[in-house]
Amino acid sequence: MARSTIMLAVAGSGKTYHIANELDPSLNNLVITYTKQNVENLKRELFLKYGSIPSKTQVITFSSFVYRWLLKPFEPVLEIGDKVGLISEGVEIFHEPEPLRKSGKFNPKYVRQNNHKHYILKNKYYSSRMSSLFLSQSPLVLKMILQRLQFFGSHIYFDELQDFMGDDFKLLVKLIKTPYLQIFAVGDFNQHSVSKSDFTATKPFQKTNKSYLCIEEYKQLFGKKVFIDESSLINSRRVPNEICTVIKKKLGIRIESISEVSGFFKLLLEHSEIVGVLNDPTIVKLFYNNSQIYNMSPVINWSYSKGDTYEKCCIILTKTFEDLFEEHFSYNNLSPMQVNTLYVAMTRSTHELYFIREKDFKKIKRSFLLQTHED
């Protein structure tokens, strides 16, 4: 009987490298990740390891996996709302289905699950509802799908585990709990709920009534038979020890460093230092949001920097973290989203990390606004 593995990692610990070196190229491998960017990252690691992508290994996005492996081969027997069977024409990625509620009120354009139009638009599946459609199938159809998956994909690897939310997460747990499938999933729990887009699931883990879970509650969602590895990828190759130390102390996140770089961090207080860093084109400026309104370069939002690596960066702190470097500061009263978003920003730098308090930036903010955004 196969035993699935969950590997909890930290930022910069080499998750894609580990997957590329973990898989056996002689076996049928499916390597699945959330974004096209990560598909390219995984392919790059496989090229470095084997000189090419092994012939029995496929690297695809999660949407492609659900469509090509779980839905498309079984369309004649799929129950899709009030219809049975479909010959699809692909996945709809440009239009989102109407949500149940808008501005806190019921949306009259919402199509309920008992109507096939809940799932499809002009013979294309809504990308965001494919997992829900899979989970809605009868036990017999689900068994057929999973048995075929076992035959063609003996080893299945999921990268960026923390990005699986809502029904996508429930689908992944379903696969992990299937005894004859061998799943290997790796991700950084402390990056969950941090999205590189403007969309984040309102309830990341719908199996519970909580919006956010602690790590112990998160681990319990995968069941007792899964092996959870919390030590193999605890060391960051990207983030210097000096920055890891402040992350552990200020955010309560366990992250160690094996970087050989002697990095440093600094809270900027002097006007000349602040202006100098903001004008330095070699330093990436990280704003919580609305980075595009500033006349400086390069700039990016905290969450949008997820997955990126910079040599030097500067974080403009929000009011929530105004006292980050004071002894009395505590992360205990902050939401996981607040902590995780700052963690993402703090783990981008390989060498130098600067901080500017909101109240200090406000003194010079006007001089850095683009003309179209001036008061």
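Tutor: Two strands pair if DSSP finds at least two bridges between them; strands (E, at least two residues) and helices (H or I, at least four) are DSSP runs, numbered from the N terminus. The model is predicted, so local features need pLDDT of at least 70 and side-chain atom pairs pLDDT 80 or more, while totals for chains, interfaces and linings use all residues. Residues count from 1 along each chain as its sequence is written, and side-chain values use heavy atoms, without hydrogens and water.

Student: Which residue in S20 stands opposite Lys 266?

Tutor: S16 and strand S20 (residues 349-356) run parallel and are joined by 4 bridges. Opposite Lys 266 stands, in S20, Tyr 354.

Student: Which are the edge strands of the sheet?

Tutor: The open sheet has 5 strands with parallel pairing, in the order S16-S20-S19-S17-S18. Pairing on one side only marks the edge strands, S16 (264-267) and S18 (299-301).

Student: At what angle to S16 does helix H8 run?

Tutor: Angles run from 0 to 180 degrees between N-to-C directions, with axes fitted to C-alpha atoms, for helices over the stretch in contact (heavy atoms within 4.5 Å). Helix H8 (residues 241-251) lies across S16 and S20. Its angle to S16 is about 55°.

Student: Why is H3 called roughly perpendicular to H5, or what is the angle?

Tutor: Helix H3 (residues 62-71) and helix H5 (residues 139-152) pack with their axes 9 Å apart. Phe 65, Trp 69 and Leu 70 of H3 meet Ile 145, Arg 148, Leu 149 and Phe 152 of H5. H3 is therefore roughly perpendicular to H5 (65 to 115 degrees), because the angle is about 105°.

Notes:
Parallel < 35°, antiparallel > 145°, perpendicular 65-115°, else oblique.
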